[in-house]
Amino acid sequence: MKELLLIKLKNHDELDRDDMRFLLETGDQDLRNALMESAYRMKKKHVGVSVYFRGIIEFSNQCSRDCSYCGIRRSNEDIKRFRIPMDEIVEAAVWAHESDYASILLQSGERRDSDSINFVETALKNIWQATNGALRVTLSLGDQTEETYRRWHEAGAARYLLRIETSNADLFSKLHPDDPDHAQRKQSLVFLRNTGYQVGTGVMIGLPGQTTDDLIDDICFFRKMDIDMIGMGPYLVHSDTPLAAEVFDYHPEHQLELGLRMIALTRLFLKDVNIAATTALQALAHDGREQGIMAGANVIMPNLTDVRYREGYQLYDGKPCMDENATQCRGCLTDRVNSTGENIAFGEWGDAPHYVKRTQAVGV
Ligand code: SF4
């Protein structure tokens, strides 16, 4: 098995489920290193050696949902809720534009009320006006109606990240007791694509009750749903959540390793998508994001949120970079990326080649 796998990795031959299972579970360092090397070569071939910045603005921790793993879920009464004023959001977007980021990500808890929907729509229009439409804007605002996706797209949003969290419907129901409809989440990904967005999704890796086969299913799900962007990371515990009570056997090194292998396998399986080296990797190791890049990721999300608000936006314990302002974050992440031998594609949108190909194919 080992020799065969080494040949497949060297030749970039298609991996089957047994290969993927073996590569996710093996303790063999030769195979592990061959997986990383193969994924990095695949990345160079399909998306190059540039890393794209997406400046993230976590503009509100208000949320109407109660996901069992999340530190800002509705029933957590120990955090102070905030929504950053409109002018500060636009100011952060302008800063990103002037700092040559080319792309930003607006993220918040999930709100479906008309005040929140209107607020986002206005923010998008204001950002468009203030930057002359120069920024690619991604939204990560949870599950919404088709009509809301359409309104936000028309107001200027080009990309949407809606994480499925797991492709296992039973596990999904357990994680989302107040809204267990896995099929609805899948349908939303279809709505997003039909609306014209570049579509992103992702999963948590190393959840209690999650199996290796679930993780393989996750990667197959990304391909089946024709996803353009992947934002996935290791599951990190927030101590003040129901799911934390189910975690008995938690090893940060194992979580990191599993996260890196998932990035590598996803790169090998999907080839030309954008994959983020998420902050969660850095929460597990100081150079976690650099390791993510070397495993095949090509996107990093520097935090643009004013440090005054960061305390209130902790989805998990031990979130890094809590005190670094946007300028410090830019410098730090630039150094980190450069240390891997890659460069940052300042001023470039960095659309996923997968998206470009699929839209050209249908003449969009
Ligand atoms: S994961 Fe998102 S939708 Fe769920 S509780 Fe947290 S912020 Fe809200």
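Predicted model: local features only at pLDDT ≥ 70, side-chain atom pairs only at ≥ 80, totals over all residues.
Which element supplies the largest share of the lining of the largest cavity?

## The largest cavity

Strand 3 supplies the largest share of the lining of the largest cavity, with three residues. The search of the whole structure returns five cavities of 30 Å³ or more, and the largest cavity holds about 940 Å³ of space. Its lining is made up of 44 residues, and those closest to the centre are Gln-107, Ser-140, Arg-163, Glu-165 and Leu-315. Two or more lining residues come from each of strand 2, strand 3, strand 9 (233-234) and helix 11 (279-284).

Seven strands form an open sheet with parallel pairing, in the order 2-3-4-5-6-8-10. At its edges are strand 2 (55-60) and strand 10 (274-275), each of which pairs on one side only.

Strand 2 and strand 3 (residues 103-108) are joined in the parallel sense over five bridges; among the partners, Gly-55 is bridged to Ile-104 in strand 3. Although strand 2 is an edge strand, six of its six residues are buried, so the strand is largely enclosed by the rest of the structure. Further along the order, strand 6 (residues 198-201) pairs with strand 8 (residues 229-230), again in the parallel sense, over two bridges. Within this pairing, Thr-201 has Ile-230 of strand 8 as its bridge partner.

Helix 8 (residues 182-195) lies across strand 5 (157-161) and strand 6, and runs at about 160° to strand 6. Ile-164 is placed in the loop between strand 5 and helix 7 (169-175). Its relative accessible area is 0%, so Ile-164 counts as buried.

Leaving aside residues up to four places away in sequence, Ile-164 touches Phe-172, His-182, Arg-185, Lys-186, Thr-201, Gly-202, Val-203 and Phe-221. One of these contacts, His-182, stands 18 residues from Ile-164 in sequence, with 8.0 Å between the two C-alpha atoms.

Arg-54 occupies the loop between strand 1 (50-53) and strand 2. Is Arg-54 buried or exposed? Arg-54 is buried, because its relative accessible area of 5% falls under the 20% limit.

Residues up to four places away in sequence not being counted, Arg-54 touches Ser-103, Arg-159, Asn-274, Val-299, Ile-300, Met-301, Pro-302, Trp-349 and Gly-350. By contrast, Gln-29, which is 25 residues from Arg-54 along the chain, has its C-alpha atom 33 Å from that of Arg-54.

## The largest pocket

The largest pocket has a volume of about 320 Å³. Twenty residues line the pocket, and Gly-206, Leu-207, Asp-249, His-254 and Gln-255 are those nearest its centre.

Helix 2 (17-25), helix 9 (212-224) and helix 10 (252-270) each contribute at least two residues to the lining of this pocket. The largest share, three residues, is that of helix 10.

## Aspartates with positive phi

Asp-100 is not a glycine, yet its phi is positive, at about 70°. Asp-100 belongs to the loop between helix 4 (86-98) and strand 3, and its relative accessible area of 41% makes it partly exposed.

Asp-226 also has a positive phi, near 60°, in a residue other than glycine. Its place is the loop between helix 9 and strand 8. With a relative accessible area of 28%, Asp-226 is partly exposed.

## Cysteines

How many disulfides does a search of the whole structure find? The search finds zero disulfides. Cys-70 is buried, with a relative accessible area of 13%, whereas Cys-220 counts as partly exposed at 27% relative accessibility.

Definitions and conventions
Residues numbered from 1 in each chain as written. Heavy atoms only, no water. Pairing = 2+ DSSP bridges. Helix = DSSP H or I, 4+ residues; strand = E, 2+ residues; numbered from the N terminus. Contact = heavy atoms within 4.5 Å. Axes fitted to C-alpha atoms, helices over the stretch in contact; angles between N-to-C directions. Buried < 20%, exposed > 50% of the residue type's maximum accessible area, 1.4 Å probe, protein only. Disulfide = S-S within 2.5 Å. 1 Å grid on protein atoms, 1.4 Å probe; cavity = no way out; pocket = protein on both sides within 12 Å on 5 of 7 lines; lining within 4 Å. Points joined across faces, edges and corners; volume = space filled by probe spheres on them.
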